[in-house]
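Please consult the sequence and the structure shown here while reading.

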Amino acid sequence: MIENQTKSKSQTKIKLVIDIIIFFVFLIAMDPRSSGIAVHEWLATSALAALVVHLLLSWDWIVGITRRFAGRVNNVSRINYILNWLLFTDGTIIMLSGFMISESLMPFLGISMPQNFAWRSIHDMTANLFLLLLGIHTALHWSWIVDAFKRYVFQPVAKLFSMSRKKDMTT
Amino acid sequence: MKTLGRILIILTVFALVMGITYVAVNAGGTSSTGTQRFENGERPQFEPGQRPGGDFEGRREGGERDGGGWMFGLIKNVGIIAVVTVLIALPRSIARNKKRSMPVTAE
């Protein structure tokens, strides 16, 4: 029981860190005009690893809801599940269309992609949709985000300050 | 081993979605957006790393914007996410608080 709680706590912490990384990587990658094409492509591709870790950490939830989807699942979880699938599919299409119009990554790997201008508009469209889906995803997990930030960011910082104040008082 | 299996499942689904999209776009795209623009049968050739001009000015290298403009895209994206989040999370939190503060009625 205690072991499970500790495992869940450390998982939440890892998840929070991974999610923050993904969020910032996404923000930088979403604006290739400021970051540059090379950074945009390499950063977005490397974010794939972080996304896999994100999915691995949510594995139990994914499996649980997949099994019970047609049965007794509350509506929020059901909406969340569908939204996550949309996010996954949209993210995959962004990746694929990105590879197809790549100007830095694919040439670097020596792979030349067939020219089809449809990929560019698909890339832009799915990226815009991803932004919207990410907003909904963030909103549906808002209470988790607030709790995790309170527990692993604000409380430790507050504790640190109170400890240094106590030290100052004693000296 | 369990984790490796899970990674394999994720990558398989990833590849599957990519495959379906690739087939769908190539089946539909070639007849509409892609090659039909060049009705004389000539398609422009691009070297790897060279990008087409014209309509696609969205993907320029960094540093080409006016001063401070590079921040605009970043702020705009954060803004969109924030607005969507507030629009959904705020009513939910208000509804939850209302539910919590409602007195429990005897049945």
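## Overall architecture

The structure is a predicted model. Chain A holds eight helices and zero strands, and its elements follow the order α-α-α-α-α-α-α-α from the N terminus.

## Dimensions and burial

The C-alpha trace of chain A extends over about 70 × 50 × 25 Å along its principal axes. Its radius of gyration is 20 Å, whereas a compact globule of 171 residues would have a value near 16 Å.

Of the 171 residues in chain A, 23% are buried. Among contacts in chain A with a separation of 6 or more, 67% join residues 24 or more positions apart.

## Packing of helices H5 and H7

In chain A, helix H5 (residues 75–100) packs against helix H7 (residues 118–140) with an axis separation of 8 Å and an angle of about 150°. Angles over 145 degrees count as roughly antiparallel, so H5(A) is roughly antiparallel to H7(A). The crossing of H5(A) past H7(A) is left-handed.

H5(A) contributes residues including A:Val76, A:Leu83, A:Leu86, A:Leu87, A:Ile93, A:Ile94 and A:Met100 to this contact. From H7(A), the contributing residues include A:Trp119, A:Ile122, A:Leu129, A:Phe130, A:Leu133, A:Ile136 and A:Leu140.

Notes. Residues are numbered from 1 along each chain as its sequence is written. Chains are lettered from A and ligands numbered from 1 in the order in which they are written. This is a predicted model: local features need pLDDT of at least 70, side-chain atom pairs count only at pLDDT 80 or more; totals for chains, interfaces and linings use all residues. Axes are lines fitted to C-alpha atoms, for helices over the stretch in contact, and angles run from 0 to 180 degrees between N-to-C directions. Helices (H or I, at least four residues) and strands (E, at least two) are DSSP runs, numbered from the N terminus. Angles under 35 degrees count as roughly parallel, over 145 as roughly antiparallel, 65 to 115 as roughly perpendicular and the rest as oblique. A crossing is left-handed if the near helix is turned anticlockwise from the far one by less than a right angle, and right-handed if clockwise. Two residues are in contact if their C-beta atoms, placed from the backbone, lie within 7 Å. The radius of gyration is taken over C-alpha atoms; the globule rule is 2.2 Å times the number of residues to the power 0.38. A residue is buried if 20 or more other C-beta atoms lie within 10 Å of its own, exposed if 12 or fewer, and partly exposed in between; C-beta atoms are placed from the backbone.
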